Amino acid sequence: MALRTNVRIRFLAETSTDTEGLRTGRTDIEIGSTAGTTADVESRTIATSSFVVAMRSDHPLAGEPVTAAAYAAATHVNVSRRGRLADPVDDALRELNLVRTVRATAPTSTAALRIVHTTGCVTTVPEWFCQQDIDALGLTTAPLPLAIPELSLTVSWHARNSGDAAHSWMRDTTVAELRALVSDQPGHAGDPHA
């Protein structure tokens, strides 16, 4: 991304609780997986991704079609910035009368993949977002054998900034850069409304 000399970018980690950053003006743009839920927050979806199961190439599930039962029987690392041990994967497993064992949580997909790299665990991550880390760590993937909603990559901002020329430039630049990053990744689908 080419930066103008009068632009400063600060990347902030997500907090453990929801914030009012867009409403208070502390945050200009949020990039995440959910769109704004109130009328004063506008959002644009950049891409969506299916989930995959990531594991070491010597894992017993590697190279085989992964069934829901085999997936549930594996030892898991869950991705949760809040340290949650359960997520929609567990809801889908419960519908099949299956339960998984989560041995660890990690705050980011990158951290979960690093744990998987050094253990016999598996983790479930969005394919397009994590493919570079998966490749760099020499991991392998399999399709997630469960029906869970795809993950969205979404840019959100407060409505008061919609007409601001500088904010519009920043939004458009951010959206363009994010689209370029995911356009040649496998497993993503671009925004049909773009």
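Colleague: Which residue is the bridge partner of Glu42 in β8?

Modeller: Trp157 is the partner of Glu42. Bear in mind that this is a predicted model, where local features need pLDDT of at least 70, side-chain atom pairs count only at pLDDT 80 or more, and totals for chains, interfaces and linings use all residues. Residues are numbered from 1 along each chain as its sequence is written, and side-chain values use heavy atoms, with hydrogens and water left out.

Colleague: How many bridges join β2 to β8?

Modeller: Eight, with β2 (residues 41-49) and β8 running antiparallel. Strands here are DSSP runs of E with at least two residues, helices are runs of H or I with at least four, and both are numbered from the N terminus. Two strands pair if DSSP finds at least two bridges between them.

Colleague: What about β1 and β8?

Modeller: Strand β1 (residues 30-32) pairs with β8 over three bridges, also in the antiparallel sense. Within that pairing, Ile31 has Val155 of β8 as its bridge partner.

Colleague: Is β8 mostly covered or uncovered?

Modeller: Mostly covered: β8 spans residues 151-158, and six of its eight residues are buried. Buried means under 20% relative accessible area, exposed over 50%, and partly exposed in between, with a 1.4 Å probe and protein chains only.

Colleague: Back to Trp157. What lies over its face?

Modeller: Arg171, at 4.6 Å from the ring centre. The rule asks for NZ of Lys or CZ of Arg within 6 Å of the ring centre and within 35 degrees of the ring normal.

Colleague: New topic. Which residues of α5 are buried?

Modeller: In α5 (residues 127-136) they are Glu127, Trp128, Cys130, Gln131 and Ile134. Seen down the axis of α5, these fall within an arc of 150°, so they line one face of the helix. The arc is taken from the directions from the helix axis to the C-beta atoms.

Colleague: And what sits on the face turned away from the buried side of α5?

Modeller: The exposed residues Phe129, Gln132 and Ala136. Just after α5, Gly138 takes a positive phi of about 70°.

Colleague: Why do Trp128 and Phe129 count as edge-to-face?

Modeller: Their ring centres are 5.6 Å apart and their planes stand at 90°, so the pair is edge-to-face. Rings of Phe, Tyr and Trp (its six-membered ring) pair if their centres lie within 6.5 Å; planes under 30 degrees apart are stacked, over 60 edge-to-face and the rest tilted. Trp128 itself is buried, at a relative accessible area of 4%.

Colleague: How many salt bridges, then?

Modeller: Six in the whole structure. Each needs a side-chain nitrogen of Lys or Arg within 4 Å of a carboxyl oxygen of Asp or Glu.

Colleague: Which residues are linked in a network of salt bridges?

Modeller: Asp87, Asp90 and Arg100 are. Arg100 meets Asp87 at 3.2 Å, N to O, and Asp90 at 2.8 Å. Asp90 is in helix α3, while Arg100 is in the loop between α3 and β5, 10 residues apart. Both Asp90 and Arg100 are buried, whereas Asp87 counts as partly exposed at 23% relative accessibility.
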